[in-house]
Amino acid sequence: MESPAQLVILAGLVIGLIYGAVGLLSGFCLMSSMRGWLAGGDGRLVRTYALAIAVAIAASQFLAGSGMVDLGKSIYLQQSFSAPVLFLGGLLFGYGMVLSNGCGSRALVLLGRGNLRSFIVVIVLGIAAQMTLKGLIAPARIALVQASQATMNANSLPSLLATLGLDETASRALAAALIVVALILFAFAHPAFRRSPGQIAAGIIVGLLVAGGWFVTGYLGADDFNPVPVTSLTFIAPIADALQYAMLSTGLTLNFGIATVAGVFAGSLATALATRRFHLEGYSSPRHMLRSAGGAALMGIGGVMAFGCSVGQGLTGVSTLALGSFVAVAGILLGTTAGLRGSLRVQPLAAA
């Protein structure tokens, strides 16, 4: 019989496989969503993302409310956190995402399709993230956090509502319901989205994958003697860990994040081959490569500072209703908007 740790790794691989396939077929990506929405073009992708958030919140809060998963054990619901560092990290990540034309999870999906630009993005992102987690940049990050962190009595929306006199169950249900209903109304108010069953399915599946990650690590992985970290879909630290594991597997241990990263790539590759979408792509110029690598570095650094990426905070963190996650997501959205519009807009590259 497999141990809880082995079950978590296997489940992480399966979740990654599904995410890779869905990501390739649907084009699921926050940056593409924002670009289409801000340009007044195809607004379906941003609705897909909104629906994914709604499903992730509803399913994750159900797991937490039923006592199956203790989301309080995740990195998102800490009593002490640095809002300025979370926000700054989100800004850096969002702007870097525009420079690299996609986030870390999107880079993994596109790499499976044969996009060699994404190979550079994944490698540079992983190195920058590891430097920020444990390497040369880590002391500066830790100093910033220590200088600006604060201890909060209420670290989530439900706990904030509880200060008004509501009990835990009511505050959780009310906080989740308000956000979920608003997101669903936003998504389905768009006629083109309502006529896109593929995009609707993608939003639902991705949201359920987030809840699935919580269930796997928080319930199946709940071993009294060897518990696994309670986490779900996120890609910054896992890409860094996967890169390190690929180089130095001896003495290192596979975990949910590494398995998910491998699964996303494999799922995208298998889907690309099955649907004949696989084709090799490269950079158009050295300037293109420099911009992409620079954006990947910003994503790696910013993603660590923000405790996650457009998926790790935008979906997984927000599904816990943690106040810090909303701060980080605000930074990501602002950084992405700055890269797409305004004086800091990333200009299109001239054709080579």
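A residue counts as buried if its relative accessible area is under 20%, as exposed if that area is over 50%, and as partly exposed in between. The model to which this is applied is a predicted one. Phenylalanine 28 has a relative accessibility of 4%, so it is buried.

Phenylalanine 28 forms a stacked aromatic pair with tyrosine 49, with 4.8 Å from centre to centre and 10° between the planes. What parts of the chain does the pair tie together? Phenylalanine 28 belongs to the loop between α1 (4-26) and α2 (30-38), whereas tyrosine 49 belongs to helix α3 (residues 44-65), so the pair joins parts that lie 21 residues apart in sequence. Tyrosine 49 has a relative accessible area of 5%, and is therefore buried as well.

In total, the structure contains 7 aromatic pairs. Another of these involves tyrosine 19 and phenylalanine 28: the ring centres are 6.3 Å apart and the planes stand at 85°, which makes the pair edge-to-face, because planes over 60 degrees apart are classed that way. Tyrosine 19 is buried, at 2% relative accessibility. Ring pairs connect Tyr19, Phe28, Tyr49 and Phe235 into a cluster.

A ring also takes part in a contact with a charge. The ring of phenylalanine 186 has the charged end of arginine 47 over it, at 4.4 Å from the ring centre.

Leucine 17 is located in helix α1. With a relative accessibility of 34%, leucine 17 counts as partly exposed, because this value falls between the limits of 20% and 50%.

The last stop is a glycine. Glycine 257 is part of helix α13 (residues 256-274). Is glycine 257 buried or exposed? Its relative accessibility is 12%, so glycine 257 counts as buried. The C-alpha atoms of glycine 257 and proline 238 are 4.7 Å apart in space, while the two residues are 19 residues apart in sequence.

How values were computed
Residues are numbered from 1 along each chain as its sequence is written. This is a predicted model: local features need pLDDT of at least 70, side-chain atom pairs count only at pLDDT 80 or more; totals for chains, interfaces and linings use all residues. Side-chain values use heavy atoms; hydrogens and water are left out. Rings of Phe, Tyr and Trp (its six-membered ring) pair if their centres lie within 6.5 Å; planes under 30 degrees apart count as stacked, over 60 as edge-to-face and the rest as tilted. Buried means under 20% relative accessible area, exposed over 50%, partly exposed in between (1.4 Å probe, protein chains only). Helices (H or I, at least four residues) and strands (E, at least two) are DSSP runs, numbered from the N terminus. A charge sits over a ring if NZ of Lys or CZ of Arg is within 6 Å of the ring centre and within 35 degrees of the ring normal.
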